[in-house]
2 protein chains.
Amino acid sequence: MSNDSFKTIGNALKAANSILIFPHVNGDGDAIGSAVALCRALRKSGKTAYILVEDSIPQNLKFIALDYATCNFHVIAEPDVCICVDCGDYSRFPKRKDKFLSGKKTICVDHHGTSKPFCNYNYIDSAAAATGELIYKLLAEMDAPMDKEIGEALFTAITMDTGNFQYSNTTKETHEIVAKLYELGIDANRISIELYESISPEKMRLESKILSKVQFFGKGKLAIGFVSQDMLKETGAKLEDAEGVVSQIRSINGVEIAVLVKEKEELVCRVSLRGKKYADVSKIAESFHGGGHKKAAGCTVEMSLSDAIKAIEEKALESLSEYAN
Amino acid sequence: MSNDSFKTIGNALKAANSILIFPHVNGDGDAIGSAVALCRALRKSGKTAYILVEDSIPQNLKFIALDYATCNFHVIAEPDVCICVDCGDYSRFPKRKDKFLSGKKTICVDHHGTSKPFCNYNYIDSAAAATGELIYKLLAEMDAPMDKEIGEALFTAITMDTGNFQYSNTTKETHEIVAKLYELGIDANRISIELYESISPEKMRLESKILSKVQFFGKGKLAIGFVSQDMLKETGAKLEDAEGVVSQIRSINGVEIAVLVKEKEELVCRVSLRGKKYADVSKIAESFHGGGHKKAAGCTVEMSLSDAIKAIEEKALESLSEYAN
């Protein structure tokens, strides 16, 4: 199914008076940054707009989320438009599904290759490095009012989803869009300090504990780290503090697949997967009913921590064996 | 004194048959990347060109340096042009000074604000985020043959000197230039993996050990980490593996001054200092006969590890008290 045009989607937003924006659960820089940029641009155009969340905004993203995000489902009783960003499936905003469907029109803007059109209007482009790029293009097409704050939210989205312009999803267009954001007066260094240099001592302790316990399999091609509830207690950290550690695990020489298994509760683990050069980790995630991109994917498994590690280890080794020759 | 134009410098290079290129000692991504890009472009134009070094190329940059770099001072007996890149002072290539001066013409292309014109032709632009940006502009002005390999060397230069586009030196033009490099077919992710994702498991173990032992002083504004010889034995790492950890210490929330004290031998410690927002750590380094920049400095102290930590702690707290109000 082909995408609707940004013109069509822009017109649907322009015709609306009230818009609710839905980033995915466990909001990352791209989800929250895209939502904030869109929300602010809509408000500047005179619309009533809010970001509706069902969990808390990560500490390092609160500085951009400000008063745009709310947990109050009644903030807009009957939204003209509900738009989900950086996700293309109800499972990514489960508690907000009914509210999403209460929108007179629904829109999806996403860059995940696994997403399928499921709204009245859809723009899903897996060639985009970040949903932030798509929101930039949508706002440009709408001729929406842009400013420094919108630019910084989009920079947050793009820099975080491209691993600071190092991942293979980064394109010529990514840099061209960021060059345009500089015209809005963004302070990329200030954003960077907020995003990356505001790590809590508890997170630092957790990270070093995770990294000291990484296990290697498949001649060092597979590296698995884990976070138990006990480790959280010992370090005083929260589960979300483990965010990003999987990339550090991947940065070890020789590692092709990096895994971080997070014990969410007794029999529920959240698994993050990263590929380095050739491995397609989205397939591993899909085999556990998860999804994502070739080099970055995730899934949730209803198992104990040790069972989850074992299950992922097996699947990942199986996947690695396909590339062996 | 004003800069010569890229046209003038380009013409001097075009008129030459043999060119020797001088990056600074302890070559970083910008120095080596700029030198490689220039060297390859000159060779593709039919010139005899080499990069002359007086120390070894860092492990993570060898993949771009290839056969362009040599320690052989006789590789070109009487160079038509000697050009130094990313440095503007003989002290940055001390053992090669005489060889540099043997060039029939000398050229300097640099972006350090402290550099003064000292060659026949000079282009010093402290507004450039990296010397790589200046080499790109020079090659474009010369209409020199560009290819993927040149693009990747310039990407290395620019991404490393801008902290992956996060430092405040990054500009709109930085991203515009990198967008142009994509037209050459660069594989930024491959470069990034070579530069950053080839960390040995020993280094990872050492890093996590250092970070687990960081101590905080001055209400968390001062964070001090250390590496003992025992820690090296326990992890199997080398002292140089601690490189970069001081930046991780700085990334902790609230930390303004980050310190890493490395026990080199029994009564000799190497100290790395980093400032985050306002502290001038070069002053602390200077009080121990070291030096550096405002936000990154270092010194060597002849003390035991514990005495060194104590001495630096005192000086750093003294420095922090100057900013208190």
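Tutor: Before we start: two residues are in contact here if their C-beta atoms, placed from the backbone, lie within 7 Å. Also, this is a predicted model.

Student: Fine. So what does B:Ile21 touch?

Tutor: Leaving out residues up to four places away in sequence, B:Ile21 touches B:Ala35, B:Leu38, B:Cys39, B:Ala49, B:Tyr50, B:Ile51, B:Leu52, B:Ile83 and B:Val85.

Student: And which residues have the most contacts inside the largest nonpolar core?

Tutor: A:Ile21 and B:Ile21. That core has 136 residues.

Student: OK, both chains then. What rotation puts chain A on chain B?

Tutor: A rotation of 180°, with 0.2 Å of shift along its axis, and the RMSD is 2.8 Å. That's the relation of a two-fold axis. The same surface serves both copies, with 94% of the contact residues of chain A recurring in chain B.

Student: Which residue of chain A comes closest to the rotation axis?

Tutor: A:Asn164, with its C-alpha at 2.4 Å.

Student: Switching to helices. How many residues does H13 of chain B have?

Tutor: H13(B) has 19, covering residues 305–323. From first C-alpha to last it reaches 27 Å, close to the 27 Å expected at 1.5 Å a residue.

Student: Which of its residues are buried in H13(B)?

Tutor: B:Leu305, B:Ala308, B:Ile309, B:Ile312, B:Lys315, B:Ala316 and B:Ser319. They sit on the same side of H13(B), because they cover an arc of only 140° around the axis.

Student: Over in chain A, how do S10 and S12 run?

Tutor: Antiparallel, joined by 6 bridges. A:Cys269 stands opposite A:Val301 in S12(A). S11(A), residues 291–292, also pairs with S12(A) in the antiparallel sense, over 2 bridges. There A:Gly291 stands opposite A:Gly298.

Student: How many residues lie between S11(A) and S12(A) in the hairpin?

Tutor: 3 residues.

Student: Last one: where does A:Pro145 lie?

Tutor: In the loop between helix H5 (131–142) and helix H6 (148–161) of chain A. Apart from residues up to four places away in sequence, A:Pro145 touches A:Ala41, A:Lys44 and A:Ser45.

Student: Why does A:Pro145 count as partly exposed?

Tutor: Because A:Pro145 has 14 C-beta neighbours inside 10 Å. The cut-offs are 20 or more for buried and 12 or fewer for exposed.

Methods:
Residues numbered from 1 in each chain as written. Chains lettered and ligands numbered in written order. Predicted model: local features only at pLDDT ≥ 70, side-chain atom pairs only at ≥ 80, totals over all residues. Helix = DSSP H or I, 4+ residues; strand = E, 2+ residues; numbered from the N terminus. Core = buried A, V, L, I, M, F, W, Y, C linked by C-beta atoms within 7 Å. Least-squares fit on C-alpha atoms with pLDDT ≥ 70 in both. Pairing = 2+ DSSP bridges. Expected span 1.5 Å × (residues − 1). Arc of directions from axis to C-beta.
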